[in-house]
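Here is a briefing on a two-chain model. Look over the sequence and the structure, then read the points by topic.

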Amino acid sequence: MMTLVYLMINGLQIGSIYSLVALGYSMVYGIVKLVNFAHGDVIMVGAYTTWYLVSRFSVPAWIAALVSVAVCSVLGMLIEKIAYKPLRKSGRLSLLVTAIGVSLLLQNAMQLLFSANPRMFTNIFTGTMTIGERQFSNATAATIAVSVVIMAGLTLLVKKTKIGKAMRTVSEDNETAQLMGINVNHTISFTFALGSGLAAVGAVFYCCSYSQIQPTMGSMLGLKAFVAAVLGGIGSLPGAMTGGLCIGIAESLTKGYVSSQLTDAVVFGILIVVLLVKPSGIFGRPHNEKV
Amino acid sequence: MLKVENMNVYYGSIHAVKNVSFEVAQGEIVTLIGANGAGKSTILKTVSGLLRSKGGKISFMGEDISSYETYKLAQKGLSHVPEGRRIFQQLVVEENLEMGGYIQTKEKNKDTVQDVYRHFPRVKERKRQIAGTLSGGEQQMLALGRSMMCLPRLVMMDEPSMGLAPVLVQQIFDIIRELNKAGVTILLVEQNARMALSVAHRGYVLETGKIAMQADAKDLLNNNEVKKAYLGG
Ligand SMILES: Nc1ncnc2c1ncn2[C@@H]1O[C@H](COP(=O)(O)OP(=O)(O)O)[C@@H](O)[C@H]1O
Ligand SMILES: [Mg+2]
């Protein structure tokens, strides 16, 4: 029984990270109908930024984390402005291919800068705590706690604030939103900044538990978070949060009870089942797909 | 107040709006009638900057707005109720109105909402409901209410009577008259020519992208050609 609890705690930890990343996929998909394949690589940039600041300049970890949130937000906005905005009217396929291009560009640029060798990432949250008879690192608690706070804040932002409401209206009907006087370009930029900032937070926590970074690290993490977004219902924020936690827990349980070799298979198995059984996901709205 | 000169709009090689010019003066209700596909919606979208005219000029309150971005027009006092209502289905009714007043201050919106509720008691009854669950007539009222929220000088309405039962159509046109009495200038696009001409001061008849006729609404109602083509004999 206690094993189950421990596995759930670990699942919540990695699941929170997936949720943070999945939120970015979902928000961006909601507003520009694009699966932003470069999103995973923004995580990687966040991880390298934190690592670089801590290991080269001995910047205090929490400052490094904040800086990488800022760096990723700006990067996300720039990617949208430079790569996606000019293609906004050119159809989804061109956008998708461009996103893959941006992803490769970021990976290769990082290899050029820091080589393809993995780098060691020292845990920011040192120390451990004991739950039952097992020890958990403080990183686990911090990941879960901070993620909960961020997700609550994000929910409030989207529900209550002016920019949050603008995001929802632009997602639903871009043209009519403009007729209301909403600057769609600003709203889209803000969404990219927000999603990328969340990815950076996810990056820092990811590094705390896996302690190793490399230029291609974003691919798998990004892909799994994308599965989480699809599971929850892409475009839906509660969906992204729930989907992330489900994937994290599924992974952890597979590791604990079956085999750690099988975790990826289980995650992508979930994707296949979702696509077969309920393609719109847990919180998805099948009827609102625009023509 | 609004002046359109030589508007030409293309969809690829389709020339949808051909050298159209018209004018709406302060305080007027002007209607643009024409069959399905005549180019009415295209004209409104072009005034709103969602589409662009090749050449020509669009001026509003004396200002050339031909190249303005859409979102700036609400600020100028130009409101557009799009065809098919296009309310925000996933937001609650209240939030739809709030978005209509996006460019206004919170305090202003508080007052205007009361105005809207006075015109549309049905909308008030449903203010906490998800807008997508409203009936067609209620959605149209919400769409009109939403457009009032930005305190517009000119409202362009694209087929507000579309798909509504006759009682509701009558109600919508009554409200258009009330709005106009309250000082709002109106450009009304309609296929329901009889209703539109009965409420309007002046009218333009649009045929396959061209203005075919323009006159006082009364005269158009009595015009034999118009009767035959648009008023069912
Ligand atoms: N998005 C579009 N792409 C191509 N042709 C269009 C498009 N929208 C409208 N049209 C064409 O332009 C003409 C005018 O359409 P529209 O302005 O919608 O007419 P109305 O509002 O008077 O019914 C029609 O022939 C229509 O088929
Ligand atoms: Mg039309």
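Two strands count as paired if DSSP finds at least two bridges between them. Helices (H or I, at least four residues) and strands (E, at least two) are DSSP runs, numbered from the N terminus. This is a predicted model, in which local features need pLDDT of at least 70, side-chain atom pairs count only at pLDDT 80 or more, and totals for chains, interfaces and linings use all residues. Residues are numbered from 1 along each chain as its sequence is written, chains are lettered from A and ligands numbered from 1 in the order in which they are written, and side-chain values use heavy atoms, with hydrogens and water left out.

**Sheet of chain B**
- Strand β4 (residues 57-60) of chain B is joined to β5(B) by two bridges, and the two run antiparallel.
- In this pair, Phe60(B) stands opposite Glu63(B) of β5(B).
- The open sheet of chain B holds four strands in the order β2-β1-β4-β5, with antiparallel pairing.
- β2 (14-24) and β5 (63-64) of chain B are the edge strands; each has a single partner strand, so one side of each lacks a neighbour in the sheet.
- Helix α1 (residues 40-47) of chain B lies across β1 (2-11), β2 and β4 of chain B. It runs at about 115° to β1(B). Axes are lines fitted to C-alpha atoms, for helices over the stretch in contact (heavy atoms within 4.5 Å). Angles run from 0 to 180 degrees between N-to-C directions.

**Chain A overall**
- Chain A has eleven helices and four strands.
- Its C-alpha atoms fill a box of roughly 60 × 45 × 35 Å along the principal axes.
- Among contacts in chain A with a separation of 6 or more, 76% join residues 24 or more positions apart.

**Thr140(A)**
- Thr140(A) lies in helix α5 (residues 138-160) of chain A.
- Thr140(A) is buried, with a relative accessible area of 6%.
- Neighbours within four places in sequence aside, Thr140(A) contacts Ile9(A) and Gln13(A).

**Interface**
- Chain A and chain B bury about 2,200 Å² between them, 56% of it on carbon and sulfur atoms. Buried area is the accessible area (1.4 Å probe) that two parts lose on being put together, summed over both.
- Glu172(A), Leu179(A) and Met180(A) supply 31% of the area that chain A buries against chain B, more than any other three residues.
- The contact takes 20 residues from chain A and 22 residues from chain B.

How values were computed: Buried < 20%, exposed > 50% of the residue type's maximum accessible area, 1.4 Å probe, protein only.
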